[in-house]
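The points are numbered and may be taken in turn with the structure in view.

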Amino acid sequence: MKEFGYQRVLDVPGAVALLGAEPDARYLGGGTNLVDLMKTGVERPGLLIDVRDLPLDRIEATEDGGLHIGATVTNSDLAAHPEVRRRYPALAQAVLAGASGQLRNMATVGGNLLQRTRCGYFTDTAKPCNKRVPGSGCPAIEGEHRNHAILGASAHCVATHPSDMGVALSAFDAVVTYETADGPGELPLSEFYLPVGDTPHLETALPAGALITGVTLPPAPVATVSRYRKVRERASYAFAIGSVAAALDVQDGTVRDVRLAFGAVASRPWRALTAERLLTGGPATAEAFAAAADAELAAAEALPDNGYKVTLMRNLVTAVLTELAEEAAR
Amino acid sequence: MTTMTGTPAVTGAVGTAHTRVEGVAKVTGAARYAGEIPYAELAHGWLVLSTVARGRIRSVGADAVLAMPGVLSVLHHGNAPRVDTDYVGLLGKPDPTLAVFQNDQVPYLGWPVALVVAETSEQAREAAEALVVEYDEEPHDIAFAAGRDGTYTPEDSAVEKGDVEAELAASAVVLDAEYTTPEEHHTMLEPHAAMARWEDGRLEVVDSNQGTMWVANELAKLFSLDPASVRVRSEHVGGGFGSKGIRAHQVCAVMAATALQRPVRVVLTRRQMFSLTGYRSPTAQRVRLGADADGRLRAFAHEAQNLTSTVHEFVEPSANVGRAMYASDAHHSVNRVVRLDVPTPTFMRAPGEAPGSFAMECALDELAEKCGVDPIALRVRNEPDAGPVSGLPFSSRNLLACFDEGARRFGWADRDPRPGVRREGRWLLGTGVAAASFPSGAGPSTAAVTAEADGTFTVRINAADIGTGARTALTQIAADALQVETGRVRTRIADSDFGPAWIAGGSMGTRSWAWAVTAAAKDLREQLALGGTVPPEGITVRSDTSEALATLAQKERYSFGAQFAEAAVDVTTGEVRVRRMLGIFAAGRIVNPLTARSQLIGGMTWGLSMALHEEAVRDAASGGHVGADLAGYHVAANADVPLIEADWVEDADADDPVGIKGVGEIGIVGAAAAIANAVWHATGVRHRHLPIRPDRVLLGGAVAPAGAEGPDA
């Protein structure tokens, strides 16, 4: 494999400056995805800048009652944090639904957001892939796409985003904070991932050279009754074929507030705003939940082998919201 | 009797749980595997595989790569030494895939086109990935389907008794169903790795394989060497499952070591293994059963098809599985093959029986449903007195004892036969059952047992311990035959210099080796009983089982088993989770209950994996795999493996000196069928195509389940 440099950094400005000076460099968090991609030749950085020792490993309450999660907090620590479990249970559940214990001990919040698709064409340098080599084509559309996107894809790429954590963060309106050489910035998660269009290789709106420093969760009382449910081909250690992060506030049979986001259906965590709008103020019934799911999924464009995801997501939304409604009624 | 040191006679090691004799070495890391043993002056070879599925190599850009750091050599069809493939080896004529770099033809994607050798593994890999190979590409064809053009019937692959069509026409109940299984891979933990070097005029290979003599003999023939000048060792092996025989990497390592006159190691990556080390072919099977109203079989017909490469024939004998299983008036079974632009499949975890039993045992379950007969009762009704086709007697057949014991322990008697009527929250629950069988055999083997001057004993046998516990079992067997404690026996294995012995294959290893070890150890004990002192060099007695095996009477020799499974199915998401499995086996005398149970549970886990997870996917456009790694190719994870119990009934083989039959492969047989039958029992929907994926379950749905008022409905 290609020889590469490795450097550990201890402060954020130093990390950003180092990357600025080395266009061939990549930030290294837990390495649970980047190192795999280096082994297969998908990523060939000249320098790894190890950011795990940066002082970004805290989870702190914000003044307005939300939480700020440092970028180098590990998935394990995030899922175990009492305030995360109390205020945003679906987030803890989503993190625990991902990977394995060993991987969660290594993987970081910042890295999780930036992980790449597991599309088998993207990870194989012998095959064409518009995301890896722009303009080379997308063989998944005619080929193997059983676990590819049904929402927001394009004729250039039908890959999905693999993160579980991101789905829960999306439901709770997370904001990504970052640092560049020109100073700090922030991006709501809803604007963090770029539309696929004809540029699937451009994945995020982060400015060049930016380092993710954390994720801020605004206060969300609805999130205390929330659930993440992941459907996967085996019981652990598999990416979702469909997942839902949901939060529900029901009073007297009426939906007062609802959050809904889908995983494994699009190139980014899919916030189901259409369904949320339909549900808010309406009855908390299985019929209403299914109708809302149908409305959200009306935009779905299935390929020959992934149409089952439409049914799967409809069933999943209905089941999870019904469960939450029953919980609220207790 | 007393031994020379006057210790009282000891027996009873066989049948008693014994931890692995090399266990401490393995868990502490002291045990070294072929890919990690250091050698002075070791060079590293990295294979370059074709990126087209069919065509010719136009050019290999070796010059540019030779200028890269550390690169020593690039072997390809333009400069590699010639090898001889015109021979018949242990398992027949060699797969030409072995004969790397002999011509410019590319018969499939992933064919070896070059080996880059460098000072370090990293340099070799970087150069291999930079090597530009140009091809004249030709159209390829990888589309496997039952009866597609090009399908042929190999010689001796059909068996016929009576008139199947006439019996089907006369049957009150007929089942006619098609089943498929996908391409499956061995995916053992330890990748293939081999180091080759020339030492004092001999070729030495340190490898990870299932039989060192097998590999040594094939290398000698390929390179036209005196067999005595080739030594192959393989001390520890991290799994094989049929894939670790002679493969391209050993041949490449020998070529490079010869060309460079220094040690060369070639280690395969997981992805390379998917195209270079064999796999189980996908199968398409049709089973037709004709029965009287009470379930008595009149006709049994099993037609199976697999694919093979364009360069070598491999038959996955799925249709053979019924030939010794069920009595019927008429029987027809045939295996057919089609040649496509893919690598050659090979033996994998119960070749034939694993996919064949899935189709046959699901078909039996479907017939039981049609006849309104309990699935176990149906099997009892069709239990043969002798080989259903051959008429030969069984050496022993304790299948019904397995069902009896299994049914009792699983609670089968309480089962409501109706499908789709049990619900627990979002899960529909069901149970299923299937029979298992696997041939029991032994291959000629030699052994040497030495009484050392210090009162210990050394067993030398060219056995392979591929994780089975063979080394430990042989230690126990030798100890009993010598009538000493196991602690006084040292067992050395996996060195071709020890002489010929059967491979770790066909579930025949332990039985074959135990026979030879027992014979030598008993002879030695008799010699020692005559008295006298042991000289410093010890006393060695050798054995050879060739003659004894040749005189064995012709019988139907099989291990049997009964597989039970409980599955939970959520048809709204397609998730299937197995809750418990129970396997009861009649598999001869069990030498080491500890490791035998592990083998059986391991086999059942592979069956679970086959039922629900395993599937290698090929992309029609490229002809190659998509997701050829352990992230893309799913095997059961720990969380998928529920409460699994394996146990056995008394079944010592009277014709074997130790009573062994073999437990290597029986555990997987029937396991996938038991789970598929449980999924039907849960949902009322038959899933005839493996794996039973979520999308298939979701789209298949369930028959109007009772309890439709459940929380998720």
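1. In chain A of this predicted model, helix H11(A) meets helix H12(A) through a defined set of residues. H11(A) contributes Ala286(A), Phe289(A), Ala290(A), Ala293(A), Asp294(A) and Leu297(A). From H12(A) come Val310(A), Met313(A), Arg314(A), Val317(A), Thr318(A), Leu321(A) and Thr322(A). By residue type, this contact of H11(A) with H12(A) comprises 9 nonpolar, 2 polar and 2 charged residues.

2. Two packed helices are described by the angle between their axes and the distance between the axes. For H11 (residues 286-297) and H12 (residues 308-329) of chain A, the axes come within 9 Å and the crossing angle is roughly 145 degrees. The crossing of H11(A) and H12(A) is right-handed.

3. How many helices and strands does chain A contain? The secondary structure of chain A amounts to 12 helices and 12 strands. Its domain assignment lists domain 1 (5-50) and domain 2 (222-329). Between the C-alpha centres of these two domains of chain A there is a distance of 36 Å.

4. The overall dimensions of chain A can be set against a simple expectation. A compact globule of 330 residues would have a radius of gyration near 20 Å, and chain A agrees with this because its own value is 20 Å. Along the principal axes, the C-alpha atoms of chain A fill a box of roughly 60 × 50 × 35 Å. Of the 330 residues in chain A, 53% are buried. Where contacts in chain A join residues at least 6 apart in sequence, 64% of them link residues at least 24 apart.

5. The box filled by the C-alpha atoms of chain B, taken along the principal axes, is roughly 75 × 75 × 50 Å. Buried residues account for 59% of the 713 residues of chain B. Among contacts in chain B with a separation of 6 or more, 82% involve residues 24 or more positions apart.

6. Which segments form the domains of chain B? Domain 1 of chain B is made of 23-31 + 441-550, and domain 2 of chain B of 394-440 + 557-713. Their centres, taken over C-alpha atoms, are separated by 35 Å. The contact between them draws 15 residues from domain 1 of chain B and 18 residues from domain 2 of chain B. On the domain 1 side, helix H11 (470-482) and helix H12 (509-529) of chain B are the elements that give two or more residues. H12(B) gives the most to that side, with 6 residues. The residues of the domain 1 side divide into 5 nonpolar, 9 polar and 1 charged.

7. The two chains also touch each other. In this contact, 33 residues of chain B face 28 residues of chain A. Helix H3 (121-130), strand S23 (575-586) and helix H16 (694-700) of chain B each provide at least two residues to the side that touches chain A. That side of chain B holds 12 nonpolar, 9 polar and 12 charged residues.

8. A helix pair in chain B also deserves mention. Helix H8 (residues 353-371) and helix H15 (residues 671-683) of chain B pack at an angle of about 35 degrees, and their axes are 8 Å apart. The crossing of H8(B) past H15(B) is right-handed. On the H8(B) side the contact involves Ser357(B), Phe358(B), Glu361(B), Cys362(B) and Asp365(B), while H15(B) supplies Ala672(B), Ala673(B), Ala676(B) and Asn677(B). These residues of the contact of H8(B) with H15(B) divide into 5 nonpolar, 2 polar and 2 charged.

9. Is His681(B) buried or exposed? This residue lies in helix H15 of chain B. His681(B) counts as buried because it has 29 C-beta neighbours inside 10 Å, where the cut-off for a buried residue is 20 or more. Neighbours within four places in sequence aside, His681(B) is in contact with Pro419(B), Gly430(B), Thr431(B) and Gly432(B).

Note on methods
Residues are numbered from 1 along each chain as its sequence is written. Chains are lettered from A and ligands numbered from 1 in the order in which they are written. This is a predicted model: local features need pLDDT of at least 70, side-chain atom pairs count only at pLDDT 80 or more; totals for chains, interfaces and linings use all residues. Domain bounds come from an automatic or database domain assignment. Axes are lines fitted to C-alpha atoms, for helices over the stretch in contact, and angles run from 0 to 180 degrees between N-to-C directions. Helices (H or I, at least four residues) and strands (E, at least two) are DSSP runs, numbered from the N terminus. A crossing is left-handed if the near helix is turned anticlockwise from the far one by less than a right angle, and right-handed if clockwise. Two residues are in contact if their C-beta atoms, placed from the backbone, lie within 7 Å. Ala, Val, Leu, Ile, Met, Phe, Trp, Tyr, Cys and Pro count as nonpolar, Asp, Glu, Lys and Arg as charged, and the others, Gly among them, as polar. A residue is buried if 20 or more other C-beta atoms lie within 10 Å of its own, exposed if 12 or fewer, and partly exposed in between; C-beta atoms are placed from the backbone. The radius of gyration is taken over C-alpha atoms; the globule rule is 2.2 Å times the number of residues to the power 0.38.
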